[in-house]
Amino acid sequence: MSKWFPMIVLAVLLVANVPALAQPEPTGLSLAPQEALATLTLESSLLAAPAGEEVLISGRIDVAPTWVLYSPAPGDGPIPLVLTIAPEGLLAGEVKWSPPQPHVTPVGDGKTEIYQVYEDQARFEISLRVPDDAEGTVTVTIHISGQVCSDETLQCAQVDETRLVTFRV
């Protein structure tokens with residue numbers, strides 16, 4: 001065994017511990033990881049529809065485990081869930097959302113607030129009217145935006161998902 005062996009072992013042990021000592025203490029909340037926290041899926045009642053007729057679009061927003069998606073009317077504070085459709089003028093009624101659930105949310109200093117949220121999944125239905133002068137195909141863009149939060153990680157993230165539905169006229 002070399003006379004340098006004990007010194008090499010000591011140097012390796014010291015270097016191995018340096019990164020752990022050099023890491024800063026975590027402060028505040030970090031941004032949510034870039035993973036799918038809320039995923040939008042669409043289904044159309046028809047693949048083809050005559051001009052002037054209505055098409056039913058069903059949607060589902062899957063929410064990641066331990067996260068909640070704030071509803072269109074969550075209460076004061078969170079960013080509400082918003083659904084937009086393009087081109088404008090196709091909506092033939094109100095968006096019908098599945099009922100949200102009340103969720104007790106810690107807001108600091110031992111206080112809580114109750115917000116209306118979706119856990120696991122939110123569902124919606126919209127009825128679209130095919131324009132009277134439509135020909136060929138109609139492509140509809142459905143966009144959702146809002147906010148998800150996790151009581152487990154104390155993180156929040158923006159939701160921003162867009163999907164297209166195309167049907168023949």
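1. Helices (H or I, at least four residues) and strands (E, at least two) are DSSP runs, numbered from the N terminus. The strands β9 and β10 pair in the antiparallel sense over 14 bridges; two strands are said to pair if DSSP finds at least two bridges between them. This is a predicted model, in which local features need pLDDT of at least 70 and side-chain atom pairs count only at pLDDT 80 or more, while totals for chains, interfaces and linings use all residues. Residues are numbered from 1 along each chain as its sequence is written, and side-chain values use heavy atoms, with hydrogens and water left out.

2. With β4 it pairs in the antiparallel sense over five bridges, and V82 stands opposite S145 in β9. Strands β3 and β9 also run antiparallel, joined by two bridges. Here L69 stands opposite V148 in β9.

3. The hairpin of β9 and β10 has four residues between the strands. L154 lies in this loop, between β9 (137-150) and β10 (155-168). Its phi is near 60°, a positive value in a residue other than glycine. L154 has a relative accessible area of 47% and is therefore partly exposed. On this scale, buried means under 20% relative accessible area, exposed means over 50%, and partly exposed lies in between (1.4 Å probe, protein chains only).

4. Two other loops deserve attention when the backbone is checked. T66 is found in the loop between β2 (54-63) and β3 (68-70). The phi of T66 is near 70°, which is again positive in a residue other than glycine, and T66 is partly exposed at a relative accessible area of 42%. P87 is placed in the loop between β4 (82-86) and β5 (96-97). The peptide bond from A86 to P87 is cis, with omega near 0°. As background for the student, most residues other than glycine have a negative phi, and most peptide bonds are trans.

5. Which residues touch the most other members of the largest nonpolar core? They are I57, I61, L69, V140, I142, V148 and F167, in a core of 32 residues. A nonpolar core is a set of buried Ala, Val, Leu, Ile, Met, Phe, Trp, Tyr and Cys residues joined through side-chain atoms within 4.5 Å. At least two residues of this core come from each of β1 (38-44), β2, β4, β8, β9 and β10. The most are given by β9, with five residues. Apart from this core lies another, of five residues, among them V68, Y70, Y115 and V117. In soluble globular proteins, nonpolar side chains tend to be buried together.

6. Leaving aside neighbours within four places in sequence, I142 is in contact with residues including L40, L42, I57, L83, I126 and E161. Contact means heavy atoms within 4.5 Å.

7. E161 is placed in strand β10. Is E161 buried or exposed? At 17% relative accessibility, E161 counts as buried. Not counting residues up to four places away in sequence, E161 touches A38, T39, L40, I142, H143 and I144. A polar atom of the E161 side chain lies 3.4 Å from the backbone nitrogen of L40. The side chains of E161 and R163 are joined by a polar contact of 2.7 Å. A polar contact is a pair of N or O atoms within 3.5 Å; within protein, one must be able to donate a hydrogen and the other to accept it, and residues adjacent in sequence count only if both atoms are side-chain atoms.

8. A search of the whole structure finds three aromatic pairs. Rings of Phe, Tyr and Trp (its six-membered ring) pair if their centres lie within 6.5 Å; planes under 30 degrees apart count as stacked, over 60 as edge-to-face and the rest as tilted. The rings of Y70 and Y115 have centres 5.8 Å apart and planes at 85°, so this pair is edge-to-face. Because Y70 lies in β3 and Y115 in β7 (residues 111-119), the pair ties together parts that are 45 residues apart in sequence. Both Y70 and Y115 are buried.

9. The rings of W97 and F124 have centres 5.2 Å apart and planes at 55°, so this pair is tilted. W97 lies in β5 and F124 in β8 (residues 121-129), so parts that are 27 residues apart in sequence are tied together. W97 counts as partly exposed at 23% relative accessibility, whereas F124 counts as buried at 2%. W97, Y118 and F124 form one aromatic cluster.
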